[in-house]
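Reader: I've just opened this one and could use a guided tour. Can you take my questions one at a time?

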Number of protein chains: 2
Amino acid sequence: MNREFLIQQIRNKKSFLCVGLDTDINKIPACIRDNSENPIFDFNKAIVDATAPYAIAYKPNLAFYEAEGVKGYEAFEQTVRYIRDNYPDIMIIADAKRGDIGNTSNLYARSFFGHLGVDAVTVAPYMGEDSVRPFLGFDGKWVILLALTSNKGSHDFQMNEEENGRRLFENVILTSQKWASADEMMYVVGATQGSMFKDIRALAPDHFLLVPGVGAQGGSLEEVARYGMTEDCGLIVNSSRGIIYASSGEDFAEAASAEAGKLAAQMAELLDGYNRN
Amino acid sequence: MNREFLIQQIRNKKSFLCVGLDTDINKIPACIRDNSENPIFDFNKAIVDATAPYAIAYKPNLAFYEAEGVKGYEAFEQTVRYIRDNYPDIMIIADAKRGDIGNTSNLYARSFFGHLGVDAVTVAPYMGEDSVRPFLGFDGKWVILLALTSNKGSHDFQMNEEENGRRLFENVILTSQKWASADEMMYVVGATQGSMFKDIRALAPDHFLLVPGVGAQGGSLEEVARYGMTEDCGLIVNSSRGIIYASSGEDFAEAASAEAGKLAAQMAELLDGYNRN
């Protein structure tokens with residue numbers, strides 16, 4: 001999915017919502033867990049069908065699937081195929097946070113972009129250029145590089161000031177722009193640190209930012225839009241638990257749809273507000 | 001596997017060799033690939049049986065298995081089970097380079113230490129303490145944190161000097177020692193930068209170091225031992241391609257055994273040399 005297509009999707013749906021498919025077998029509503037032979041996939045399928053009108057991206061986090069071993073991995077593949085076949089206009093982001101030496105990153109890239117056919121992969125920057133480059137150069141595919149994450153531990157290293165006067169996450173953003181353009185790279189920027197978006201936009205005015213942490217992790221959508229939005233929107237904001245576990249009853253899909261709809265309505269207003277100003 | 005047991009294994013075998021099971025379906029000898037229904041596992045089984053007398057650890061890199069999708073993941077699980085059942089004294093390191101927000105790292109920890117039963121997992125430090133801590137506190141299990149990697153890209157961020165006058169990889173080593181002792185944490189330190197071991201030993205005198213990059217990636221075993229060895233050995237040195245692809249013919253297992261034996265013989269000398277001095 002290239003940049004123009006993504007921007008068009010955001011305009012069409014008036015939404016920049018990504019639904020995080022962090023599907024934990026222990027949190028799935030009992031009505032699915034007890035009656036399905038393939039509960040993770042069946043849950044995801046219901047959530048996707050319920051939220052597709054509002055979502056421009058889905059982001060399954062690999063950890064949740066790997067935790068269930070081979071069966072979980074199968075459910076992950078099925079989920080990706082289901083979205084691809086039924087909602088080809090919606091971006092699929094494999095939240096994998098991979099990053100390894102070149103020949104190994106090559107294999108991950110082959111796996112995610114080739115075998116699985118997702119549109120984007122989250123990648124960790126610690127090992128530098130040759131761990132990231134194998135994910136680049138696939139037509140219409142994206143690297144989403146961790147820059148500033150939304151967790152407490154983001155203060156342990158990402159905020160360290162370095163000899164050029166910039167913090168590590170800023171150097172990640174600056175250095176990685178030598179590797180790829182805003183047409184194939186995005187950054188993960190945690191939403192709990194809203195004012196940081198201003199600093200980041202000074203360094204990366206055009207890049208899309210994937211923003212986790214709205215909702216359960218505590219970020220404010222309005223603040224993110226105020227500081228982070230560009231004329232191309234430039235934002236993909238993720239919500240996981242707030243949507244997919246909105247209800248643990250039989251109405252879980254309707255509840256997920258309602259929550260996604262609520263966020264999308266706020267996003268439509270924020271997009272309108274940006275365009276009016 | 002606790003620290004005392006690991007040290008005892010190293011003394012018994014006079015080896016600190018880790019064999020990297022970076023099994024690529026495209027590099028497996030044709031005699032296996034063309035005749036086996038389960039070539040990745042069958043290859044690994046033959047390599048493990050051939051090298052077990054010389055190895056104190058096996059390190060499958062998850063990327064190679066994930067590249068083959070569900071089938072690859074199954075082969076990974078089978079390999080872990082095979083080693084666990086047949087060579088319970090040999091450490092299994094899942095080279096996964098994981099690292100995610102707390103609740104997600106929890107799932108990875110449950111998957112690797114619980115479901116799979118490996119002894120150690122490699123973890124990326126970028127997201128800080130709460131991404132690492134979920135892997136700690138499992139009896140006899142280890143976190144192996146990326147500090148200084150052996151690839152070219154290690155110079156992009158890991159070597160950045162920070163405001164306290166130390167480089168990022170040194171701050172990773174220093175900060176992470178507040179989270180865990182040398183009884184449950186090790187560091188990945190790339191062997192292509194032999195003299196760096198001196199700097200690292202000044203910061204982490206007791207920690208075991210997992211050293212990739214001897215062999216195909218160009219590090220010198222002697223240099224690593226000169227600067228990195230401690231009275232408990234303190235080193236686990238990995239070789240992958242140099243051993244497992246030593247021959248592409250029907251003699252691949254014998255060739256792997258010979259290569260592992262050669263490295264182990266050098267290691268025995270280095271251990272003896274250390275004890276004489």
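Predicted model: local features only at pLDDT ≥ 70, side-chain atom pairs only at ≥ 80, totals over all residues.

Reader: How many strands form the closed barrel in chain B?
Author: Strands here are DSSP runs of E with at least two residues, helices are H or I runs of at least four, and both are numbered from the N terminus. Two strands pair if DSSP finds at least two bridges between them. In chain B the pairing is parallel and runs β1-β2-β3-β4-β5-β6-β7-β8, so by that DSSP definition the closed barrel has 8 strands.

Reader: Which residue in β3(B) stands opposite A57(B)?
Author: Start with β2(B), residues 55-60, which is joined to the parallel β3(B), residues 91-98, by 2 bridges. β2(B) also pairs in the parallel sense with β1(B), over 5 bridges, and there A57(B) stands opposite C18(B). Buried means under 20% relative accessible area, exposed over 50% and partly exposed in between (1.4 Å probe, protein chains only); 6 of the 6 residues of β2(B) are buried. In β3(B), Y58(B) faces I92(B), and A57(B) faces M91(B).

Reader: Which strands of chain B does helix α6 touch?
Author: Contact means heavy atoms within 4.5 Å. Helix α6(B), residues 102-116, packs on the sheet, and its direction makes about 160° with that of β3(B). The strands touched are β3, β4 and β5 of chain B.

Reader: In chain A, which residue of β7(A) is the bridge partner of V188(A)?
Author: Chain A has a closed barrel of 8 strands too, with parallel pairing. Its β6(A), residues 185-189, and β7(A), residues 209-211, pair in the parallel sense over 2 bridges. The partner of V188(A) is L210(A).

Reader: Which way does α5(A) run relative to α5(B), roughly parallel or roughly antiparallel?
Author: Angles under 35 degrees count as roughly parallel, over 145 as roughly antiparallel, 65 to 115 as roughly perpendicular and the rest as oblique. The axes of α5(A) and α5(B), residues 69-86 in each, come within 9 Å and cross at roughly 165°. That makes the two helices roughly antiparallel.

Reader: What is the handedness of the crossing of α3(B) and α12(B), left-handed or right-handed?
Author: These helices pack at about 40°, with their axes 8 Å apart, and are therefore oblique to each other. Their meeting residues include F43(B) in α3(B) and F252(B) in α12(B), and the contact holds 8 nonpolar, 2 polar and no charged residues. A crossing is left-handed if the near helix is turned anticlockwise from the far one by less than a right angle, and right-handed if clockwise. This one is right-handed.

Reader: What is the relative accessible area of Y108(A)?
Author: Y108(A) is found in helix α6(A), residues 102-116. It touches residues from both chains, including F135(A), L62(B) and R98(B). Y108(A) is buried, and its relative accessible area is 1%.

Reader: What is the phi of K97(A)?
Author: Most residues other than glycine have a negative phi. K97(A) lies in strand β3(A) and is buried, with a relative accessible area of 9%. Although K97(A) is not a glycine, its phi is positive, at about 50°.

Reader: Where is K14(B) found?
Author: K14(B) also has a positive phi of about 50°. It is partly exposed, with a relative accessible area of 45%. Its place is the loop between α1 and β1 of chain B.

Methods. Residues numbered from 1 in each chain as written. Chains lettered and ligands numbered in written order. Heavy atoms only, no water. Axes fitted to C-alpha atoms, helices over the stretch in contact; angles between N-to-C directions. Nonpolar A, V, L, I, M, F, W, Y, C, P; charged D, E, K, R; others polar. Lists of a residue's contacts leave out its neighbours within four places in sequence.
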